[in-house]
Amino acid sequence: MSSNDAPDVPATPGAGHEPAHMDPALAERIARAPDARIAVIVTARGALEDLVAALPAEASLAHAYRLIASVAIEAPGTAIALLADHPAVAAIEAVEDVQAWPVSAQREVDA
Amino acid sequence: MNPAKFHKSLSVAMSLARPADEPLAVIVRLRAGPLARGEVRALASLPSAGDFRLIPARAIVASAAQIAALSDDPAVDMIWPDLPVHAWLDEAVPQVGAQRVWSSGFTGRGVRVAILDTGIDPDHPDLAGRLAAYRDFVEPSATDTPRDPNGHGTHVAGIAAGDGTASGGRYRGVAPGAELVVGRVLDAAGAGRTSTVMAAIEWALEEGARVVNISLGGPPYPADGTDALSLLIDAAVEEGLVVCVAAGNMGPAGQTIGAPAAAKRAITVGASDVAADGRERAALFSSRGPTSDGRAKPDVLFPGVGIVSARAADTELGNAVGARYTALRGTSQACPMAAGTVALLLEANARLAPDDVKARLLRGADRLDGVAAEAQGAGRGSAYRAFAGATDAAPAAGGRPPTPTPTPTPERAPGGAPGPRAGDAPDGAAGCLPLAAQALRRRG
């Protein structure tokens, strides 16, 4: 996705658009602790500028990406849930942990 | 249970703290060749890597309880752990044919290889003077002084591009002439976050990297390549970056490819090793496909067991081989073999687009007999076979052609391969023990 293929969408919440795709695990996490701040990656439905304009005031921007129209933010769960209903937002996913991939010394013997 | 039938190394392995249901790879020898007659029914139900022809034995994977039950069977004579065998870097690099590429005059010179990992020890003799760019994404407020408090990134960098200075050339990486662009995205515990890795990929591209090594990953298992990190990797490939991603160490079960290993346009690298019977195979730990949307991954295997490479100062990761080197195994170690191979290809022909590079790597792979496609992809990669004809090849496959950048014409010694520097004293070569022996010795 790039900003060049942006459809002309109004940057205001409202009916008549598909809600953003949100991982069920993230939705569940928000439901459990709506006030907790969560790090998420938000992908624009169209232009990145429309997405940035839609971000809630409580959100802190960690990264705005160039290669895909997405931002990494941290915001309260309630604000993320509201953001998912914004027409400028295509998808929201939690920032996941990653790890290095060596096999532990333990498994040198075990494997 | 009859411990008398356990080889002593198996007794050590089984005494180590481990989850009760974690499988153990063992070799079971029978008394009078009853395998063919199927007399040991308990064996038939266990996952097997195959029977041996010269001795009446079978390689299997079993839980501790299943192994104990086997030892009670009168037909069972002896049980050994199926220990890793050794593909030292000095063996693994020739195994993939890198030296034959060096002898053609190509060592990755002028190609920037990005390592997104735990950082780098810039003073390691094998890597000194090779760092073209460094950025700390974990602690961005810190000064950007290169460091690696974990050791994983230094080991990975050494496999891709170490020049073997501290070992008199023994532990030389695949592309010893390449430059390094290092982004620290994993902390001292080897952990990080997808959003940081994404930012680091964009930075690596801006720093002129042509290939990036990503020896990290995470859930979900299996993934489908639609997470943001995987999509950004696909976009980076479109921009001209070759992205090598470790398949993960969640094998031997199928559908264990996570993110970003499932990225559609990445070169997803699993690990190979050599079984007790001398045959190459997919390492047990190496993650298997398919992805959750049914695509084949990994794309290719490279050696990933018992790999000796650079050890960062003041780190304890792996099994130390002298002061300057350490042995590790994992798809983390296989991945930089692929990244180094890509650097060789790109030095040979800078016009190759990422999809051309991937196609060459897969086409040049050696398919491993008896290994399932979902474990080996195209097979075990070969730098030499991927390289063949690369100097003349015109870009053909998809992916945006790379932006032309001035490539210095290197001065090469006859033969092209870098040799040990005058006055270098081998450091890690002395006192090497087989990897398993080291591990066992550490446990007393």
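The largest nonpolar core has 155 residues; a nonpolar core is a set of buried Ala, Val, Leu, Ile, Met, Phe, Trp, Tyr and Cys residues joined through C-beta atoms within 7 Å. A residue is buried if 20 or more other C-beta atoms lie within 10 Å of its own, exposed if 12 or fewer, and partly exposed in between, with C-beta atoms placed from the backbone. The residues with the most contacts inside this core are Val113(B), Leu232(B), Val243(B) and Cys244(B). Helix H9 (residues 331–348) of chain B supplies the largest share of the core, eleven residues. Because domain 1 (3–81) and domain 2 (89–387) of chain B both give residues to this core, it lies between them. In soluble globular proteins, nonpolar side chains tend to be buried together.

This is a predicted model, in which local features need pLDDT of at least 70 and side-chain atom pairs count only at pLDDT 80 or more, while totals for chains, interfaces and linings use all residues. Residues are numbered from 1 along each chain as its sequence is written, and chains are lettered from A and ligands numbered from 1 in the order in which they are written.

Not counting residues up to four places away in sequence, Leu232(B) touches Tyr65(A), Leu67(A), Ile68(A), Met198(B) and Ile201(B); two residues are in contact if their C-beta atoms, placed from the backbone, lie within 7 Å. Helices (H or I, at least four residues) and strands (E, at least two) are DSSP runs, numbered from the N terminus. Ten of the eleven residues of H8(B) are buried, so this helix is largely enclosed by the rest of the structure. Among these buried residues are Leu229(B), Leu232(B), Asp234(B) and Val237(B). From chain A, strand E2 (37–44), strand E4 (70–76) and strand E5 (89–94) pack against the buried residues of H8(B). From chain B, the partners are H7, strand E11 (242–246) and helix H10 (354–363). Just after H8(B), Gly240(B) has a positive phi of about 110 degrees.

Helix H7 (residues 194–206) and helix H8 (residues 228–238) of chain B pack at an angle of about 10 degrees, with their axes 9 Å apart. Here axes are lines fitted to C-alpha atoms, for helices over the stretch in contact, and angles run from 0 to 180 degrees between N-to-C directions. That angle makes H7(B) roughly parallel to H8(B), given that angles under 35 degrees count as roughly parallel, over 145 as roughly antiparallel, 65 to 115 as roughly perpendicular and the rest as oblique. On the H7(B) side the contact is made by Thr194(B), Val197(B), Met198(B), Ile201(B) and Leu205(B). H8(B) contributes Ala228(B), Leu229(B), Leu232(B), Ile233(B) and Ala236(B). By class, this contact has nine nonpolar, one polar and no charged residues; Ala, Val, Leu, Ile, Met, Phe, Trp, Tyr, Cys and Pro count as nonpolar, Asp, Glu, Lys and Arg as charged, and the others, Gly among them, as polar.

The two domains of chain B come next, their bounds taken from an automatic or database domain assignment. Their centres, taken over C-alpha atoms, are separated by 34 Å. Seven residues from domain 1 and seven residues from domain 2 make the contact. On the domain 1 side, strand E1 (24–30), strand E2 (48–51) and strand E3 (57–62) of chain B each give two or more residues.

Chain A has four helices and six strands, in the order β-α-β-α-β-β-α-β-β-α along the sequence. Of its 111 residues, 45% are buried.

Several loops of chain B remain. Most residues other than glycine have a negative phi, and most peptide bonds are trans. A cis peptide bond, with omega about 0 degrees, joins Pro219(B) and Pro220(B), and Pro220(B) sits in the loop between strand E10 (216–217) and H8 of chain B. The peptide bond from Gly251(B) to Pro252(B) is also cis, with omega near 10 degrees. Pro252(B) lies in the loop between E11 and strand E12 (267–274) of chain B. Gln255(B), found in the loop between E11 and E12 of chain B, has a positive phi of about 55 degrees although it is not a glycine. With 17 C-beta neighbours inside 10 Å, Gln255(B) counts as partly exposed.
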